[in-house]
Amino acid sequence: MLNNILANIGEMFLDLWTSLGLHKGGWENYVMILISFVLMYLAIVKKFEPLLLLPIAFGMFVINLPGAHDIVWGIQGEGVAYDDVQNKGLLWYLFYGVDKVIYPPLIFLGIGAMTDFGPLISNPKSMLLGAAAQLGVFLTLIGAVVLGFDIAASCSIAIIGGADGPTAIYLTQMMSAYTNEDLLSAIAVAAYSYMALIPIIQKPLMRLFVPKKERVIKMKPLRTVSKVEKIIFPIIVTLVVGLLLPDAVPLLGMLMLGNLLKESGVCDRLSSQAQNGLMNTVTIFLGISVGCKAYGATFLQLQTLMIIGLGLVAFSCGTIGGLLMGRLMCKLSKGKINPLIGSAGVSAVPMAARISEDVGREADPSNHLLMHAMGPNVAGVIGSAIAAGFLIAIV
């Protein structure tokens, strides 16, 4: 009888051990947990894009807790499609907004409600700088194809150069139907990491490509933009882009709707909700949904490192493209345009514009470029959405 009791106790402890997460985890899970800690540190201590980097890091942390995957996501064997997951968990339902590309356009709605297109309307030439900053997207597209990625995966990787996280997520999910690669987590982490590291990446490039004699150029104050212009602008942009490139409308249309709510002056409650409650809620859901796709067994692969490397190339080339266009415009305008504002053509609002201001003031403390840089900065938001629509159209 004693032997039976001891056997039962032993079996009970064995069952307890097999139910513990410690028994189920692989080395990949622990590596991803460490990576999530690094991202949390960057978000909390260094304040690098904390509003999205922190939810992404925590989603990565939770999904990699040994044994937690089947509970918080659901039971999903190798090759099982998203809709076929068994015992669906909380994160599976939150991810629905990413899988069906609902969250990114809603983020754009909030961004539009917070954006002032006045500097761009005041200086329409800024659109050229936003367009030039998309150079990194198309150069990286070629590079990814050369390295062996299929065209759909290459488009997803290339859009990292637009420095726009929601656009990168949107395009990657749209392309997922045309590729067998699951690239969402790697692309999202790369996109938001490089957005967070803008000061580290852009400043050396700005000093390298723009001589000091051009960095000290002072630009004339922008003209005042009328209310009518600000109301007409989002309507005209949506009409023109919609007629030429309908694939860009889901992102660009929501961006312009948010801006119209703000500038019309008759939808203050809707504008406030888009800027605050809706934006904050969707940001949390988007961040944790993206993070939960960074599961160790699928994330820690050679292609992830390749994507991160290509993302750096894309972002750097986008910055260089904007700076070179800025230098060309400086020459054509006979020194009336400071080329530093070209680096703000990447779609990282408003951090990229602030970096233009910082580097300009390093050269001349009395120089103020922030408002001038906001023109190409918001043009970059439009440009990245158009680039995404173009890539969708060609695939």
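In the predicted model, Glu-362 is partly exposed, with a relative accessibility of 44%, and the residue forms a salt bridge with Arg-207 in which the closest N and O atoms are 3.1 Å apart. Because Arg-207 belongs to helix H14 (residues 198-209) and Glu-362 to helix H21 (residues 351-363), the pair ties together parts that are 155 residues apart in sequence. Arg-207 is likewise classed as partly exposed, its relative accessible area being 37%.

The structure holds eight salt bridges, among them the pair of Arg-207 and Glu-362. Another is found between the side chains of Glu-263 and Lys-262, with an N to O distance of 2.8 Å. In this pair Glu-263 is buried at 9% relative accessibility, whereas Lys-262 is partly exposed at 28%. In general, side chains of opposite charge can pair when their charged atoms come close.

When neighbours within four places in sequence are left aside, the contacts of Trp-73 include Ile-63, Ala-68, Tyr-82, Val-85, Leu-91, Trp-92 and Phe-95. The contacts of Trp-73 also include Asn-87, Lys-88 and Gly-89, together with Cys-292 and Lys-293.

The axes of helix H13 (residues 184-196) and helix H20 (residues 302-332) come within 9 Å of each other and cross at roughly 35°, and the crossing is right-handed. On the side of H13, the contact is made by Ala-186, Ile-187, Ala-190 and Tyr-194, and on the side of H20 by Thr-304, Ile-307, Ile-308, Gly-309, Gly-311, Leu-312 and Phe-315. Sorted by class, the residues in the contact of H13 with H20 are eight nonpolar and three polar, with no charged residues.

Apart from neighbours within four places in sequence, Thr-283 is in contact with Leu-51, Leu-52 and Ile-107. Arg-269 also has its place in helix H18, but this residue counts as exposed, at 77% relative accessibility. The C-alpha atoms of Arg-269 and Ile-236 are separated by 24 Å, the two residues being 33 residues apart along the chain. Leu-197 lies in the loop between H13 and H14 and is partly exposed, with a relative accessible area of 24%. A C-alpha separation of 16 Å was computed for Leu-197 and Ile-56, which are 141 residues apart along the chain.

Backbone geometry was considered last. Most residues other than glycine have a negative phi, and most peptide bonds are trans. Against this background, Val-349 and Pro-350 are joined by a cis peptide bond with an omega of about -5°, and Pro-350 is situated in the loop between H20 and H21. The loop between H20 and H21 also contains Lys-334, a residue other than glycine whose phi is positive, near 60°; Lys-334 is exposed, with a relative accessible area of 77%. Ala-163, which is not a glycine either, has a positive phi of about 55° and is found in the loop between helix H11 (151-158) and helix H12 (165-175). Ala-163 is buried, with a relative accessible area of 1%.

Technical notes: Residues are numbered from 1 along each chain as its sequence is written. This is a predicted model: local features need pLDDT of at least 70, side-chain atom pairs count only at pLDDT 80 or more; totals for chains, interfaces and linings use all residues. Side-chain values use heavy atoms; hydrogens and water are left out. Contact means heavy atoms within 4.5 Å. A salt bridge is a side-chain nitrogen of Lys or Arg within 4 Å of a carboxyl oxygen of Asp or Glu. Helices (H or I, at least four residues) and strands (E, at least two) are DSSP runs, numbered from the N terminus. Buried means under 20% relative accessible area, exposed over 50%, partly exposed in between (1.4 Å probe, protein chains only). Axes are lines fitted to C-alpha atoms, for helices over the stretch in contact, and angles run from 0 to 180 degrees between N-to-C directions. A crossing is left-handed if the near helix is turned anticlockwise from the far one by less than a right angle, and right-handed if clockwise. Ala, Val, Leu, Ile, Met, Phe, Trp, Tyr, Cys and Pro count as nonpolar, Asp, Glu, Lys and Arg as charged, and the others, Gly among them, as polar.
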